[in-house]
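Please consider the predicted model shown below.

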Amino acid sequence: MPENIGYADIAAHYRQQIHDGTLRPGDTMPSLRQVCDHFGVAQTTANRAYRVLKMEGLTLPKGGVGTVVAGPSSNNITTRVRLHEATGKALESGETSRILEVGTTGADELVAPRLDVSPGTPVHVRRRLVSRNGVPVHVSSSYYPSYVVAVTPELSEPVSTGGSRELAAERLGLAQEQVLEEVTSRIATEAEKSALGLTSRDVIVTQVVRTVTLSDGRVVEVAVKVTGGSTILRWSTPLSGG
């Protein structure tokens, strides 16, 4: 164990255990006293590490128990863009992406105005199921305009690209400039219930519609992400410019 271990090291240790499935949703975290004894730190250091995990949405307080691992989480696009920049991958440790469908469809009333096309206009769609440590996290349907598919023919193949928007932006020589994420709730479709392992008759799911624009103002992707009620949608936004 390294000398002079700090709260960030402790937080990183448990963050990794949560991401790789060593600690699973609902598991009880070690008590602060156990953390202090294991790492040889003061309680203020252990407490600060646990505050970091709580702020990241990885843990939750539970009355009479202590701190437990939160349910499956689905990160927002900012987190995934930064992860891709750092690792070349858009998926975290323990995450897998399974392609459910690839093809062409007519843009519906949800997608068409966001892609700035008329309803019924043919657009490319990729549907996939993202799981973490074998637990379904979300179903995502990504819609691409023709100019994106023209420079990124890989999107027509039923295999994961490791970062479709990033690949398209690189081919176009443009940066991803802005994202609008619109969150609402609705009843799950039968296909969504099947993919997410939801068994109740009428299940409320959370839907996130994500519109990503490039630095030249064109839309590179409209994605519709659907998660079950046990999945936490996680945003973390810095409030200081430092």
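Arg 210 and Glu 221 are both buried. Their side chains form a salt bridge, with an N to O distance of 3.2 Å. Because Arg 210 belongs to strand S8 and Glu 221 to strand S9, the pair ties together parts that are 11 residues apart in sequence. Through salt bridges that share partners, Arg 210 and Glu 221 are joined with Arg 165 and Glu 166 in one network.

The two strands that carry this pair are themselves partners: S8 and S9 are joined in the antiparallel sense over eight bridges. Among the residues involved, Thr 213 has Val 219 of S9 as its bridge partner. Both strands belong to an open sheet of six strands, ordered S4-S5-S6-S9-S8-S7 and paired in antiparallel fashion. At the edges stand strand S4 (95–106) and strand S7 (176–187); each has a single partner strand, so one side of each lacks a neighbour in the sheet. From one strand to the next, the twist averages 20 degrees. Helix H7 (residues 164–172) packs on this sheet, where H7 touches S5, S6, S7, S8 and S9, and the direction of H7 makes about 10 degrees with that of S8.

In one of them, Arg 114 is paired with Glu 182, and the closest N and O atoms are 2.9 Å apart. This pair links distant parts of the chain, since Arg 114 lies in helix H5 and Glu 182 in strand S7, 68 residues apart. Arg 114 counts as partly exposed because its relative accessibility is 23%, and Glu 182 is likewise partly exposed at 28%. Another salt bridge joins the side chains of Arg 171 and Glu 154 (2.6 Å, N to O). Arg 171 lies in helix H7 and Glu 154 in the loop between helix H6 (146–151) and H7, so this pair ties together parts 17 residues apart in sequence.

The largest nonpolar core has 19 residues, and Leu 115 and Tyr 143 have the most contacts inside it. Two or more residues each come from helix H5 (112–115), strand S5 (122–132), strand S6 (135–144), helix H8 (190–196), strand S8 (204–214) and strand S9 (219–227). S9 gives the most, with four residues. Leaving aside residues up to four places away in sequence, Leu 115 touches Val 123, Tyr 143, Pro 145, Val 219 and Val 222. A second, separate core of 18 residues includes Ile 5, Tyr 14, Leu 58 and Val 69.

Methods. Residues numbered from 1 in each chain as written. Predicted model: local features only at pLDDT ≥ 70, side-chain atom pairs only at ≥ 80, totals over all residues. Heavy atoms only, no water. Core = buried A, V, L, I, M, F, W, Y, C linked by side-chain atoms within 4.5 Å. Buried < 20%, exposed > 50% of the residue type's maximum accessible area, 1.4 Å probe, protein only. Contact = heavy atoms within 4.5 Å. Pairing = 2+ DSSP bridges. Axes fitted to C-alpha atoms, helices over the stretch in contact; angles between N-to-C directions. Salt bridge = Lys/Arg side-chain N within 4 Å of Asp/Glu carboxyl O.
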